[in-house]
Amino acid sequence: MATTPVKKLCDKVWRNGEFIPWENATVHVSAHVVHYGSAVFEGIRAYDCNGRPGIFRLRDHIRRLFDSAKIYRMDLKWTIEQVCNACVEAVKVNNFKACYLRPIAYRDAGPMGVNPLKNPVTLDILTWDWGKYLGDDALEKGVDMQISTWSRNAPNTTPAMAKAASNYGSGALIKMEALLAGYSEGIALDVNGYLSEGSGENIFVIRDGKLYTPGTSHSILSGITRDTIIRLAGELGIPVIETTLTREQLYIADEMFGVGTAAEVTPIKALDRIPIGNGGRGPITTRIQKAYLDLVQGKSEDKWGFITKV
């Protein structure tokens with residue numbers, strides 16, 4: 001039976017210490033990850049910084065990859081430095097000026113069954129050209145979102161702190177529900193009915209000049225973009241408060257935006273068809289978005305040493 005060819009995203013994929021052709025970067029149907037979702041991964045962007053690729057917060061992303069693997073008892077046989085270097089080489093080998101990187105560690109083919117401890121762990125690094133995650137106009141005009149009927153995972157069920165593939169089963173349900181209802185994205189509440197996160201973004205709420213966001217106890221991924229926004233807000237003199245947020249607080253926000261490596265800083269112009277603020281990108285969101293994009297694109301001072309030049 002013929003299969004549909006997979007769209008080629010890059011020439012070479014880094015796998016377990018060497019580069020292999022895109023066509024050979026396959027996974028066997030018996031692999032543990034196929035049956036049980038046993039993978040942890042990262043999403044990283046390299047920006048065109050004055051004609052040279054600059055990978056944003058590479059070491060922080062790879063450290064989180066190792067943290068996620070540790071939580072899931074996956075032994076990675078490389079060091080953080082080795083994987084960082086492999087990411088740099090992956091950008092070079094595939095001749096990207098700007099791209100998205102996806103390091104992913106997964107339990108490969110081995111004994112069948114739920115127990116993964118005897119299955120080997122494979123580490124791949126993919127690179128590809130990925131544009132604006134929520135649409136070309138999203139950063140300027142904002143997007144419509146909805147409160148999902150799906151809640152985020154409860155504490156002590158599956159670990160929200162780990163960026164695990166299995167967590168994105170929830171994200172996919174949130175995303176599909178939103179798209180089929182005519183929205184760009186969905187926002188999930190936690191099991192207690194408080195704000196958690198989007199299918200792939202952390203959420204920030206602005207009210208009376210202050211920036212509010214849920215803490216890690218609300219089943220959010222502790223996002224690296226989220227951390228960057230908190231730092232930048234401090235530089236801009238905008239107070240940041242990590243707190244519990246109710247659903248009704250979102251509707252009366254002056255501004256809202258979602259953040260993530262893929263989403264960057266995306267304004268939320270309406271929630272459940274209720275306009276947020278003026279129904280577009282607000283002034284504080286604009287300031288934060290500009291500060292973020294200037295930083296990642298190498299247009300402002302990299303005072304934290306976040307950019308790894310390729």
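Below are legends for a few views of this predicted model, starting with the whole chain.

View 1. Helices (H or I, at least four residues) and strands (E, at least two) are DSSP runs, numbered from the N terminus. Along the principal axes, the C-alpha atoms fill a box of roughly 55 × 45 × 35 Å.

**View 2. Surface, burial and charge across the chain.** Of the 310 residues, 50% are buried, meaning under 20% relative accessible area with a 1.4 Å probe, protein chains only. Take the 36 positive and 34 negative charges, and their mean positions sit 3 Å apart. Lys and Arg count as positive, Asp and Glu as negative, while His and the chain ends are not counted. As for contacts (heavy atoms within 4.5 Å), 69% of those with a separation of 6 or more link residues 24 or more positions apart.

**View 3. Strand S11 and its partners S14 and S12.** Strand S11 covers residues 202-207, and five of its six residues are buried. S11 runs antiparallel to S14 (residues 255-260), with five bridges joining them; two strands pair if DSSP finds at least two bridges between them. Asn202 has Val259 of S14 as its bridge partner. S11 is also antiparallel to S12 (residues 210-213), this time through three bridges, and Arg207 is partnered by Lys210 of S12. S11 and S12 make a hairpin with two residues between them, and Asp208 in the turn has a positive phi of about 55°.

**View 4. Ser148 and its surroundings.** Look for Ser148 in the loop between strand S8 (143-147) and helix H5 (168-180). Ser148 is buried, with a relative accessible area of 8%. Leaving out residues up to four places away in sequence, Ser148 touches Ile174, Glu177, Ile187 and Ala188.

**Notes on the model.** Residues are numbered from 1 along each chain as its sequence is written, and side-chain values use heavy atoms, with hydrogens and water left out. Local features need pLDDT of at least 70 and side-chain atom pairs count only at pLDDT 80 or more, whereas totals for chains, interfaces and linings use all residues.

Terms used
Areas by Shrake-Rupley, 256 points an atom, 1.4 Å probe, with all protein chains shown as cover. Charge placed at Lys NZ, Arg CZ, Asp CG, Glu CD.
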